[in-house]
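Subject: The model you asked about

Hi,

Here is the structure, ready for you to open. Have a look first, and then read on for my notes.

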Number of protein chains: 2
Amino acid sequence: MGTTQLETVPEPKYWHLKTVLTEALDSEFSVGEILPNERDLAARFGVARATLRQALEQLELEGRLQRRRGVGTTVAPPRMGVAVGSEQHTWPGAADDAWKPTDCTLAVAPATVADLLETDRDENVHTVRRSRVSHGQPVAAELIYIPESSVPDLSAIDAPSGPARARALLRELQHLELEGQEQSVELGSVSAEDARELDRLPGAPVLVVTTRFYADARTAAVSVATYRADTCRLTFGATGGVEIHHDPERRAS
Amino acid sequence: MGTTQLETVPEPKYWHLKTVLTEALDSEFSVGEILPNERDLAARFGVARATLRQALEQLELEGRLQRRRGVGTTVAPPRMGVAVGSEQHTWPGAADDAWKPTDCTLAVAPATVADLLETDRDENVHTVRRSRVSHGQPVAAELIYIPESSVPDLSAIDAPSGPARARALLRELQHLELEGQEQSVELGSVSAEDARELDRLPGAPVLVVTTRFYADARTAAVSVATYRADTCRLTFGATGGVEIHHDPERRAS
DNA sequence: TAGTGGTCTAGACCACTGG
DNA sequence: CAGTGGTCTAGACCACTAA
């Protein structure tokens, strides 16, 4: 009757808010700029703070915003491209400065990893912990699981743990001939443990990259790497070649 | 004084809830089973519904739960592995039954895509729309952008749009020699348009796979594929070989 | 200490699904 | 139609950061 608008589906407020904010970010804000605080923003748009937050959460998920408790909300830079797969497959730790081994232990792996390794679920495996920094920011935390059978010559190493032993373990891996690797990417949320290392709160979204390394006609190692989903764009293939460089939106005053 | 617990960091309720629910899912529920509704669950745990929902949201993000409005919350099956990159790079549409072309148009591409294609931002490009189904479920929606210069021999095709023309366009692509491709994966939220196709509400998390196809020493096409993050695990490399098959948790009564 | 984002509550109403 | 999840409100308090 009186309605000229069909409005088949009334758009949720937070969704409309997100659209408005996205346009504002593209046109009126530049990278690093701080937004008004949530209470002010909510008042300005005439919504409850929780509703405003729902919009901000989505924008953070999309890598447009960065929020830090006690500080504020800032406009995020475009996601950085991070190479995780290359044409010429290599073992972790091979002349690869992006990663820094931090520690290693000998313990039972999670059941899912044990299945990939085709080892018994209660069998001890070496676990190397590494972290990756890019552009001065921590971007990933990784655990590499290596069955004892993959590195038989470990007698010369004394230290039971620590970065030195971690490096030695990875060095041992290089002796095996890598026959292939297989990777998968899925969405996850960061564990309390990795959260500190990635400088995020527990539960933040991450991209989990699982890599299976083949050598000697079996699975010689498995790596589970956890990348910050807000700041990273994982790149595969054609490393060294031309880089995909996104430019999410060119306008910026 | 009276406190024996140090409790350096009081764990948020929703985080603890998530842990409890995860354990319950592993031990007391089987795939497909429906959970009690949110109001009952919240009451049972003595928290507000919003808090309970925060935990459920995370579990859905991790692919453990599936929620449908008007129906209920069910235990999700393990994520399915979906191949998105292969050793032998091929053009889209090559003897590849996983995708179904649905439509195509000739229009200007988004600025970010135009940059990848190295075309002018106001230049018209062919846009082919495809959707991918796996195990009876829609898993991805894709847009393939093809500059007119990549498919010069399109005179024989009559239809200005529709699946037939889409297939013809992809067929034309096969004539070019593919020199390489480059992919990236990042987190996004599903557009209102793709949401219908993927059977999710707008804003649901998705994995966005951007592929750049090289031929003739330039970028001959760009594809932007949107995969459901809740149900998919993207696999790269070694297709046809042994499959990584996750088994998130073996126990199930 | 003042100000920020993060958590939490106890309601309310809406949109959708199925019988 | 009853029951489900999705949206929204108007508060409150907490944890953290920086001045």
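Which feature does UniProt place at residues 11-78 of chain A? The record, an unreviewed entry, puts "domain: HTH gntR-type" there. UniProt positions are given in the numbering used here, feature names are shortened, and annotations may be inferred rather than shown by experiment.

Some housekeeping before the rest. This is a predicted model, in which local features need pLDDT of at least 70 and side-chain atom pairs count only at pLDDT 80 or more, while totals for chains, interfaces and linings use all residues. Residues are numbered from 1 along each chain as its sequence is written, chains are lettered from A and ligands numbered from 1 in the order in which they are written, and side-chain values use heavy atoms, with hydrogens and water left out.

**Chain A in outline**

Chain A has six helices and 10 strands (DSSP runs numbered from the N terminus: helices are H or I with at least four residues, strands are E with at least two). Across residues 11-78, the chain is 54% helix and 12% strand, with 28 Å between the end C-alpha atoms. Of the 253 residues in chain A, 49% are buried (under 20% relative accessible area; exposed is over 50%, partly exposed is in between, with a 1.4 Å probe and protein chains only). As for contacts (heavy atoms within 4.5 Å), take those in chain A between residues at least 6 apart in sequence: 64% of them join residues at least 24 apart.

**The DNA side**

There are 27 residues around DNA strand C, and A:Asn37, A:Arg49, A:Arg53, B:Lys13 and B:Thr51 come nearest (a residue is near a molecule or strand if one of its heavy atoms lies within 4 Å of it).

A:Asn37 has a side-chain N or O atom 2.7 Å from a phosphate oxygen of DNA strand C. For A:Arg53, the distance from a side-chain N or O atom to a phosphate oxygen is 2.8 Å. A:Arg39 goes to a base oxygen instead, at 3.1 Å from an N or O atom of its side chain.

Which elements give two or more residues to this surface? From chain A they are α2 (38-45), α3 (49-61), β1 (65-68) and β2 (72-75), and from chain B they are α1 (13-28) and α3 (49-61). The largest share, four residues, comes from α3(B). By class, the surface near DNA strand C has nine nonpolar, seven polar and 11 charged residues (Ala, Val, Leu, Ile, Met, Phe, Trp, Tyr, Cys and Pro count as nonpolar, Asp, Glu, Lys and Arg as charged, and the others, Gly among them, as polar).

**A buried lysine**

B:Lys18 sits in helix α1 of chain B. Is this residue buried or exposed? At 8% relative accessibility, B:Lys18 counts as buried. Its side chain makes polar contacts (N or O atoms within 3.5 Å; within protein, one must be able to donate a hydrogen and the other to accept it, and residues adjacent in sequence count only if both atoms are side-chain atoms) with the side chains of B:Gln58 at 3.1 Å and B:Glu62 at 2.7 Å.

The structure holds five aromatic pairs over all chains (rings of Phe, Tyr and Trp, the last by its six-membered ring, with centres within 6.5 Å; planes under 30 degrees apart count as stacked, over 60 as edge-to-face and the rest as tilted). One of them joins A:Trp91 and A:Phe213, which are stacked at 5.5 Å centre to centre with 25 degrees between the planes. A:Trp91 lies in the loop between β3 (80-85) and β4 (99-108) of chain A, and A:Phe213 lies in strand β8 (residues 205-215), 122 residues apart. A:Trp91 is buried at 6% relative accessibility, and A:Phe213 is buried at 5%.

In chain B, B:Trp91 and B:Phe213 also form a stacked pair, 5.5 Å centre to centre and 25 degrees between the planes.

**One more tryptophan**

A:Trp99 is in strand β4 of chain A and is buried, with a relative accessible area of 10%. A:Trp99 and A:Ser131 are 32 residues apart in sequence, yet their C-alpha atoms are 5.6 Å apart in space.

Cheers
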